[in-house]
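Have the 3D view open as you read.

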Amino acid sequence: MAIASIPVSAGATSGAAAVSGALDNTMIASNFTTFLQLLTTQLKNQNPLDPLDTNQFTQQLVMFAQVEQQLKQNDQLATLVSLEKNAQATTALAYVGQTVAVNGQTAALASGQAIWSLQAPKPAAATVTITSSTGQTVYSGRYTLQAGTQNFAWDGRDNNGVKWPDGNYTISVSAKDASGQAVSIPSEVQGRVDSVDLTQSPPALSIGGQTFTLDKIKRVVRAGA
């Protein structure tokens, strides 16, 4: 006697195979209930001379159990993801109003000053170039960098002494050591976190009109430090 079979999904196999995204808990519960009803009816009305093959319905029960377990795991994973997002949102909100240092090359010129922090792994001779938001070179100069972190402050004036308007400016540093080998000089910028966009994943922090994710924050800077 053949047992009634309710298809679970085209790819449902041993080992709890991946369940189609269109198959939800309600559908599984409905199919499982229907399957048990049909199975019970067949067991009640089976032919004693041709009994039901227990292997067939056992395989069906195992398959439904595997799918149900996979759905529970998916629910648990979704819960963990939700908790992680909530944790990120809480962390991001705590930065609002704080002054932070982030990896970046673009700083805001305000009140005649823009400041970058340069990290030199070794002493180097460097050419510092500052460009405007439109890509125009506004300043270029040669400097000697010592090993370690040092601030570079620009007063907003170009090489001709003309004062440029407030806005965002980008620094680039080309450096070489004493042997003439190129040296990479990472830069950081400091700014106050004005707002946090929690609709983004991960949350996006607005700093001086620019957007940064939490992983870009290097440290929180105490006011006046």
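Y143 is partly exposed, at a relative accessible area of 30%; on this scale buried means under 20%, exposed over 50%, and partly exposed in between, using a 1.4 Å probe and protein chains only. F152, by contrast, has 9% relative accessibility and counts as buried. A word on the source: this is a predicted model, in which local features need pLDDT of at least 70 and side-chain atom pairs count only at pLDDT 80 or more, while totals for chains, interfaces and linings use all residues. Residues are numbered from 1 along each chain as its sequence is written, and side-chain values use heavy atoms, with hydrogens and water left out.

The structure holds three aromatic pairs. Rings of Phe, Tyr and Trp (its six-membered ring) pair if their centres lie within 6.5 Å; planes under 30 degrees apart count as stacked, over 60 as edge-to-face and the rest as tilted. One of the pairs joins W116 and F152, whose centres are 6.4 Å apart with planes at 45°, so this pair is tilted. It links distant parts of the chain, since W116 sits in strand β3 (residues 114-120) and F152 in strand β6 (residues 148-154), 36 residues apart. Strands here are DSSP runs (E, at least two residues), numbered from the N terminus. Both W116 and F152 are buried. The rings of Y143 and F152 have centres 5.1 Å apart and planes at 85°, so that pair is edge-to-face.

Six of the seven residues of β3 are buried, so the strand is largely enclosed by the rest of the structure. β3 pairs with β6 in the antiparallel sense over seven bridges; two strands pair if DSSP finds at least two bridges between them. Along this pairing, Q119 stands opposite T149 in β6. Three bridges also join β3 to strand β9 (residues 187-197), again antiparallel, and there S117 stands opposite E188.

Finally, look for the largest pocket, with a volume of about 350 Å³. Of the 15 residues lining this pocket, A108, Q113, I115, Q190 and G191 are the closest to its centre. β9 gives the most to the lining, with four residues.

Note on methods
On a 1 Å grid over the protein atoms alone, a cavity is a set of points where a 1.4 Å probe fits but cannot get out, and a pocket is an open set with protein on both sides within 12 Å along at least five of seven lines; lining residues have an atom within 4 Å of a point. Grid points are joined across faces, edges and corners, and a volume is the space filled by probe spheres set on the points.
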